[in-house]
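Please look over the structure shown below, together with its sequence, before reading on. The briefing that follows takes up one topic at a time.

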Amino acid sequence: MYDSLTGMGKSFAEGLGYPTKEIQKVTEKDLELGCFLVTRSIGFGNIPDSTLDFLDDYAEDFEIIGVAVTGSLNWGASYGGAGRKIEAIYEIPLVHKFEGRGYPIDKELVIDYIEVFEQNKE
């Protein structure tokens, strides 16, 4: 699942090789098997309202196995701040922060996390 304003988060999510869906279009049926969330920070490391709405609606009842956050290193200490806040508030692991659409290594790190998570579920 992804929350993307400019298409960077969407591009990253699609590059992971798993089915994707914009969080505003998610239904409970989409979440039955769990999901990984790709989102962004706004302002100085805040969680976008659309991501907050999604998490408030679904985080308690469905398994969101981790989050990756796009951002810019130009924001310094606020870089990827939404991910740290999501981890603290919703107890969803912050798996990775990446710039722009991410690089292949960024996607590999997230894919590795998801694969290990799935193996440990079995």
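In this predicted model, Phe-54 and Tyr-58 both belong to helix α2, where they are 4 residues apart, about one turn of the helix. An α-helix has 3.6 residues a turn, so residues three or four places apart point the same way. Both Phe-54 and Tyr-58 are buried, and the pair formed by their rings counts as tilted, because the planes stand at 55° while the centres are 5.4 Å apart.

**Aromatic pairs**
- Ring pairs join Phe-54 and Tyr-58 with Phe-62, so that a cluster of these residues is formed.
- The model holds 5 aromatic pairs, and one of them is made by Phe-44 and Trp-75, whose ring centres are 5.0 Å apart and whose planes meet at 85°, so this pair is edge-to-face.
- That pair connects distant parts of the chain, since Phe-44 sits in the loop between β1 and α2 and Trp-75 in the loop between β2 and α3, 31 residues apart.
- Phe-44 is exposed, with a relative accessible area of 61%, whereas Trp-75, at 44%, counts as partly exposed.

**The two sides of helix α2**
- The buried residues of α2 are Ser-50, Thr-51, Phe-54, Leu-55 and Tyr-58, and because they cover an arc of only 130° around the axis, they lie on the same side of the helix.
- On the other side of α2, the residues Asp-49, Asp-56 and Asp-57 are exposed.
- The cover over the buried residues of α2 includes the strands β1 (35-40) and β2 (64-71) as well as helix α3 (81-90).

**Thr-51 within the helix**
- Thr-51 lies in α2, which spans residues 49-58, and it counts as buried because its relative accessible area is 0%, where the limit is under 20%.
- The side chain of Thr-51 makes a polar contact of 2.6 Å with the side chain of Thr-39.
- Apart from neighbours within four places in sequence, Thr-51 is in contact with Asp-3, Ile-23, Leu-37, Thr-39 and Ile-86.

**The sheet and the helices on it**

Conventions
Residues are numbered from 1 along each chain as its sequence is written. This is a predicted model: local features need pLDDT of at least 70, side-chain atom pairs count only at pLDDT 80 or more; totals for chains, interfaces and linings use all residues. Side-chain values use heavy atoms; hydrogens and water are left out. Buried means under 20% relative accessible area, exposed over 50%, partly exposed in between (1.4 Å probe, protein chains only). A polar contact is a pair of N or O atoms within 3.5 Å; within protein, one must be able to donate a hydrogen and the other to accept it, and residues adjacent in sequence count only if both atoms are side-chain atoms. Contact means heavy atoms within 4.5 Å. The arc is that of the directions from the helix axis to the C-beta atoms. Rings of Phe, Tyr and Trp (its six-membered ring) pair if their centres lie within 6.5 Å; planes under 30 degrees apart count as stacked, over 60 as edge-to-face and the rest as tilted.
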